[in-house]
Structures are given as structure tokens and as C-alpha cells.
Amino acid sequence: MNKRKILSVLGRILLTEAGLMLPSLLIALIYGDGDAIYFLATIAVTALVGVLLTRIKSHDAKLSSRDGYTLVAYSWIIISLIGAVPLYLTGEFRSIFAAIFEMVSGFTTTGASVLAMPENLPHGVLFWRSFSHWIGGMGVLVFVLMIIPMKNDNSMHLIRAEMPGPTAGKLVPRMKRTSMILYGIYAAMTFLLAVLLLCGGLDIFDSLCLAFGTAGTGGFALSASGIAGYNSAYVEVVLSIFMLLFGINFNVYYLLLLRRFKDALKSEEMRVFLIVVFLATAGITVNIATNIANTATSLREAFFQVTSIVSTTGYATVDFNFWPEFSKHTLVLLMVMGGCAGSTAGGLKVSRVIMLVKSFFAEIRYIVNPKSVQVVRLEYKYVDTATLNSTRTYAATYLLLICFSTLFLSLDSLNLTTNLTAVLSCLNNIGPGLDLVGPMANFGVYSDLMLFFLSILMLIGRLEIFPMFLLFSRSAHDK
Amino acid sequence: MRKKNKINIHIIGAGEIGKALAKQMVNDGCSVTVVDTDGKILETLSTRLDVFTFQGNGASYTTLMEVNAGDADIFIAVTDSDELNILSCLTAHLLGAKHTVARVRDVDYARQSAFYRNHLGLSLTINPELAAAREISRLLRFPYATRVEIFAKGRAELVEMTLPTTSPLCGKTLIEITQGMGLNLLICAVARGEEVFIPKGQSTLAAGDILYLTGAPNAFHKAFKQLDMPTTPVHTALIAGAGRVAHYLTELLHHEGVNVTVVERSRDLAVEFCRNVPECSVMNDDAITYFDSMSDADITHTDAFISLTENDEFNMVAAMYAKSLNIRKVIARLGADSKLKGIQKGDALRVVSHENAAVDWIMGYVRSLMNAEAKDAVESLYLLMDGKIEFIEFRVTEKNAHLRKPLREWHMRPDTLIACIIRGNKTIMPRGDDVILPGDSVLIATINQQIIQLEDVFESTWEAGVRV
């Protein structure tokens, strides 16, 4: 393991994070809520340590695949810990674990909060919380690779570990340029959303924070009432549409930019994703229509919740805890599926679900005719055996993780619905669950130990399981 | 051509196709240069044929300079390597060769023949495997046909079939057939034993005759039904061997709505094939073993079996086995010079060779190039019965002397026949009152082999014209 190189890259990441805190510092200064000093202190210390770490010279610039994975895991832990400092300093959090939970929830774009009244936080911290969604959505290292020149180009390992989805690819030959294109699309769409929200009558601060939360598919609300508090059908529809858009693979947008419309629309994953959203919306609309007089309202509410959950954002306009069982069950299923690979959404990813379903049918055909050769295809190309195996392993590990995490949470003596949906919500980076962790409730019901555990679970979910477990394996730290 | 200056032809690669091409072209009176890396093959070739041989790498600039490839009227690269063929054609093209023909058979390259033609200066890319696959798919459409060729982009078809003993056509004269049965097909040529002739009105057909019929594609279905020859279409086909021919054939058959199953012995090849060709199911098994593992119902439901493995002997045995299981349509692929054809009894199996398909294809092209200066352009040319019968498709131009003159006033050679006239989308079975117009395609059948332009069809005025 190339420790010196990893430390020096971590130094750069610290410097980047210090830089990323500057907008929050600015907001804090503008609003003068008294949180500017927290940011100033954090930035100063982080930058100092960062500069010291970047001083470390490494003889060997190479990063192996193993180094890449460990580096990604460490970076995410460290940025979350540092990001939690200003939050903890506000004194609104009951313990450092609660603050860490909140920050991990921010960076992993989960959007689960321990606060009952987020509006009590100073504006700078509120902004930082939402901004962390935006950074975490596309990936911290993707960002670092974009702004900091890396002499050595083993950077693909880093991207592979950080990008959501079964496989990671480049759009253009240079990694740096790929990151820039991705962030360019991401920033442009975020900007567009913020402008649209501004037109809806929201103030600049709320528009920006909501746009960050939507773009990263995070979902931190700025007040206890969530999106319902704005009481605007326009805002809800705009957010629904953008949540859906951010749940789609960014390669599709790149193809659209290149004017390859046919190729973009051909994306199998996107089609399946949209079909699922359509079916779920239709089902829930009908299911909740009995309670709501107006069909348009039930359609709007169903569409908002479906896009919010399937894109793993987790904004809420209604307390779906009180919805009929079928609707709640549908939402839980959507939680598991999540968005498309290569988007900012979490979950199992649509492409993995497609592969798993197809390999199920392939297996059935194989049993019917043992001599036949079966191949699983995705996006009109066959999936190689290695990817298929890793997808199956991923799915199995994912299921085991859910089972054992739920079991572990049960030590806090809450009910099964709460524990199971809390695990699903954290592992898939969604935000709200059901029952005691429902959209209008918060994760404050859990003890500090469980909050810490759920924080780890969120990181495991965001980095797609394997990198975090690598940290626990001794071989990852061997020479 | 015999009547003109010698045409200069360069052939790179003295494989099956190269040798066959050289032989045909020497017979046509061209001066042929053959380049290959294998000295022994060249030595045998130069003793057997009147060609110039040169040992060297056909893609290298020095070699091509040495054999004067720039002077070639037609430059043909038919080595085993696609890349080498393309490169040597490119080089020859830049050196000044007039027409270049490359054998390109890789599936990945095959889709880009238009690009090669338009941007790399290759006049023609030929794909023997694709040619063979097309031939097979046409054979499958006509259960009784031993060979099917298409003319004028599919608006007319030429079918070769053996007359079965049960056919109502046996013992009838052509007049009886045309008048009595109202067939909208033309019997252009008949092969009886070694003898090939163009039938006249009084000619009688006998069982075992090989008939050459032309007509519109839909006319065949109707005619076969009338003649009590079932034309049940193929719904499911089994292919042995996952090679390139199988790849093209699967795509063609899938397009026609046929369910295709491919059996391949090698696991790796089977997986590879399954990945590249999504349109079929692939089994990893030996074809013969697979037959044994099939249920009776499965076998009854299999309409066709095509054996396309690399191994001629296996193809023959598998095909015969399939025939013994009563699979209706059985086709085997054999090498060009394989004598295995002879071991079958009767004509239960059809045999296809991709080398022959390629040679026919190139010869058609070369012949049409040779005649490019003639008044009426040759569109395509087919040699049947080992070259005893030729079918030539001409495109009629304004210059033709017989425009708008009814056919009954034409004076044609006795060994020649106008088989078909294609005007726009219409296929005309020529009768005495029909005329030809500029832009028509005319299909001529001849056993004379002296036809190089449409004018050659006509005899001097004192000789009697012959019409069927």
C-alpha cells in the first residue's frame, strides 16, 4: 500500500474541502447568525493540515486498485468528520455522533436528519448541510480530480470506487475532462433548477439549498414542514421533474449534448426507470385517490413521492406514513431499486435490477435446457461474466447487510417497520423511512451508538459496499 | 475478352477462391498474375494454368511495384486476411489499378462495405460467407429448389430445381405446359444428364431433368402449389457450427421470422456467438448428439437443418443423419473442391460452398466490368451447371437498336433466350408482343457463352429466330 501517496492525496482532499466551505462562510457572514467563526476555525485547521499532508513526497506515484478503494473510503470518512465540526459547534446537536450522522447524511446524499427543527440552525450551517449534498452527489474525488492535476493517471481506480453503478466508464479519453463534463452538466442543471425555483417565488437561499438537495438527490429539508411548507404546486412539480432527471444516467445528457438524440433515447436503463416511475405513480394515484377528493392532487402527490423516493432524494410533501398499505409498500420497493447507474441517486441501481431479473430468466431457460448457452444483455450489449458475478455478489451482500443491520438496530427496541425502513433509507441514501422515521419524523429516536452505525451504513451504501469493507480487511493495509 | 485487348488481372492469394478465379479468367482470355507467399502452390498453379506467378507479400509496396499492379485493370485480393486484402487493394488503387476487389469477411468489417467503396477506393468488397448465407436462405424458401438467384434487386428470381418423378410436368411439352396450366413462369433451360439445352415449344420434360425457371418471386409460390409441390415455409431451423456463415444466416433467417437454434461443440465459440447474435438460441453440444437428445416432437417441429461446421465430413454425416430423421430441408456446407457431394443418394441434401459462391460473385462483377464499354451494361452474370449455362442481366440503354420492336420480330440465336424483362417494379414474362424500353433490365439465358453485349443475342437476318 502506497501510504505516502495516499496521505498526500488526502491532503489535497482536505484543501479542497476547506475551499468548498468558503461559500458557507460567505453565507454565514452575510446573514450574521454568528456561525462564521465556526467555519473560519474549521477552514483554518483543515487547510493547515491539508498543506502539511501535501508536503509529503512519495517516491512511487502509483496507486493500485486496492489503494484507490481505500483512499476513497478514507476520504469520505475524513470529509464527513471535518464537515461535522461546524455543525457540532452550533450546539443544536445532542452529541458529536448526531452531528456526524447529519454530515454523513449530507455527503452521502441521504438527507436523513436528527433534528426536529432544522430551521433553528444558523444559515451558514443550513447552507453547508445542503451544499454537502451537491458535492457528495457527483463524488468528492471526481471533483478533486477535476481541479487538482494528478501527474499519474491511475485515477480510474478512484472513479471506479466512487461512481455509482456496476461499471464505470469515461466519456472522453482524459479523466480530468470527463470529470469536467460531468460536473458541467451537473452544475448547469442545478443552476436551471435554482432559477426555476426562484421564479416560483422562493427566496435565493431556499432556491439554492433546495436545488443542491435535489441535484445531489439528497433531500435535507430547510424546515420541519419540508416542501409542504412552501404550499406551492409549482415548486412541487418542478422539484418532481428535476428529481426524476437527476435519477437518470448522466451519460444520457452527454449524448444529448452531442446531439445524438437517438442513442440517448435508446438507453434501456432509462426506459425501464421511466416505466417503473410511471407504473408506480399510476398505482399510488389510484390507491390514494379514495382519501383525496381531487384526482389532480393525488396524481401530483403520488408523482412527487415516487420521484422523490426512486431518485433517493427523500423530500416529502405529505406524510406518506398515513397512506394506504399498497402505496407504502410500493415506496419501499422503489427505495430498494433506486435510480440509474451514473446518476447521483443511490439504491441498488436500475441497471443492477435489470441484470438480476434477466439473469433470473436466463437461469430458468438454462434449467429447461441445460445444453443451452445463456447470455445476459444490457443496453444491447452482453454483460461479461465478471460484471455479472460482481452484481450477484453485490445483491447478495446487500440483502445480508439489510438483514443484519435491521437485527442490530432492534437492540434499540423500536419496531420492525421503523428499523427495516431506517436501514433501507440509510443504505440506499434516501432519507425518510416509515413509522417512527417517517417523512415528518426524524432519526433522533435512535441512540448515539445506532446513529454511528447508521452513519457507517450510509457510507457503505454511497460507496457501494465494497470500498468500506476493504478498510476492515487486513490485506488492504499490508505493504 | 476475346474480342478486345487483353484484360490485365492481378490476383493476390492463391487459395481456393484465387485458384478458381484464375482458372475462369484464363479461360476468358485474360492475362492473369497471381501473387502468393507460398511458392509451392504457385509452382503447381503455373504448371496447370497459363498465368504469371510471383512469390511475395501481396500487401507490400515493393511486391506490387514489381508485378506492376498499377497497370491492372482488375485487382483482386482474396487472401485469408481481411486486413491484408484491404491494404493491398488500397495500395494498388493508389498505384493506379482501375478496379479493386477485396474479400472482406469479418463480421465487423462487413457492415462497412459502403465506406470502403466510397472512401477507400475499393470497387467491390465480397464476402463469401455472406454470399453463402444468402444462398442458403433462398434455398430454404423453396423446398424443391437446389439453387435460387435473384435479379434486378429481388424483382425476379431464377430457380434451379430437379423435376421429381411425381410431377405432373413429366412427359409434357412446353406448349402443353404453358397453355394447359397457365404457369406464369418461364422454363429457360433444361439440363438432362451432361446435356444442357434451351427448350423449344415441342421439347418434352422428363423426370430427373434439372429445370431453370425464371419469374416474379410471388409467381413461384403459386406455381409450386399448382404443381403439387408443397411450399411450406420454414419456421424453425437448426444450424450446426457457430461460424461466420451461421452468423449471417441467423440474421437473415431471423429477419424472415424463422426461429433459429445454433448448436456449437466448443463452449467458447458458443458463448461468443450467443453474445454477438442475440437473435437465436445457442446450444453447446455436438450436432449429432443434440439430435439424439431432442424429443420426437422437437424433431418434427424442426423444418430445416443446416450443417456449417468447418469439417466437410462432419457436415455430410450430420446432414445425412438429419435426413434420416425426416427433417424436410437439409443443407450441408462443403469446400469448393470436395468430392463428398457424390456420396449422397439422390438429391435429398443440398450442398453449398462459400468459395463457389464467392467465385460466382466475383466473376459476375468481372464480366460486367469487361463489358463496361459495351452499349448495354451488364448488371450481373451467373454461371450455372459448371459454367454450361450463363444468365446475364443487361440494362437496356437508349443506344439499343431493338428498342420498341416486338419480340416476335427479333431474330435471335438458337441457343439464346430472353428469360425475363424487368420494368420498374414489374416483372414481365416475355411474349411475342412485348418490347424493350430504355431502363429495362433484361435477363438473357444462353448456352453459347459468346454474349458480351445485348446485340450479340441477335443472329444475322437470314438465320431463323427462335422463340419458345
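In what order do the seven strands of the open sheet come? I looked this up before anything else, keeping in mind that the model is predicted. I read the order as E1(A)-E14(B)-E13(B)-E12(B)-E15(B)-E16(B)-E17(B), with mixed pairing. Strand E1 (372-373) of chain A and strand E17 (349-352) of chain B are the edge strands; each has a single partner strand, so one side of each has no neighbour in the sheet.

**Entry: pairings inside the sheet**

I checked E12 against E15 in chain B. Strand E12 (residues 236-240) and strand E15 (residues 304-307) run parallel and are joined by four bridges. For one residue I noted the partner: Ala240(B) is bridged to Ser307(B) in E15(B).

Then I went to the strand from chain A. E1(A) and E14(B) run antiparallel, with two bridges between them. Here Ser372(A) has Met283(B) as its bridge partner in E14(B).

**Entry: what lies across the sheet**

I looked for a helix over this end and found H11 (residues 267-276) of chain B. Helix H11 lies across E1 of chain A as well as strand E13 (259-264) and strand E14 (281-284) of chain B. I get an angle of about 175° between H11 and E14(B).

**Entry: the A/B contact**

How many residues does each chain bring to the contact? I find 10 residues from chain A and 14 residues from chain B. On the chain A side, Lys371(A), Val373(A) and Arg377(A) lose the most area to chain B, together 61% of what that side buries. The area buried between the two chains comes to about 980 Å², and carbon and sulfur atoms give 55% of that.

Next, charges. I count one salt bridge between chain A and chain B. Lys371(A) makes a salt bridge with Asp285(B), and their closest N and O atoms are 2.6 Å apart. Sorted by class, the chain A side that touches chain B holds three nonpolar, four polar and three charged residues. I also count seven residue pairs in polar contact between the chains, with both residues at pLDDT 80 or more.

**Entry: salt bridges elsewhere**

I ran the search over the whole structure too, and it gave 19 salt bridges over all chains. One I wrote down is Glu268(A) with Lys358(A), where the closest N and O atoms are 2.6 Å apart. Where do the two residues of this pair sit? Glu268(A) is in helix H13 (residues 268-289) of chain A and Lys358(A) is in helix H16 (residues 350-368) of chain A. The pair is 90 residues apart and links distant parts of the chain.

Technical notes: Residues numbered from 1 in each chain as written. Chains lettered and ligands numbered in written order. Predicted model: local features only at pLDDT ≥ 70, side-chain atom pairs only at ≥ 80, totals over all residues. Heavy atoms only, no water. Pairing = 2+ DSSP bridges. Contact = heavy atoms within 4.5 Å. Axes fitted to C-alpha atoms, helices over the stretch in contact; angles between N-to-C directions. Buried area = accessible area lost by both parts, 1.4 Å probe. Salt bridge = Lys/Arg side-chain N within 4 Å of Asp/Glu carboxyl O. Polar contact = N/O pair within 3.5 Å; in protein donor to acceptor, adjacent residues only side chain to side chain. Nonpolar A, V, L, I, M, F, W, Y, C, P; charged D, E, K, R; others polar.
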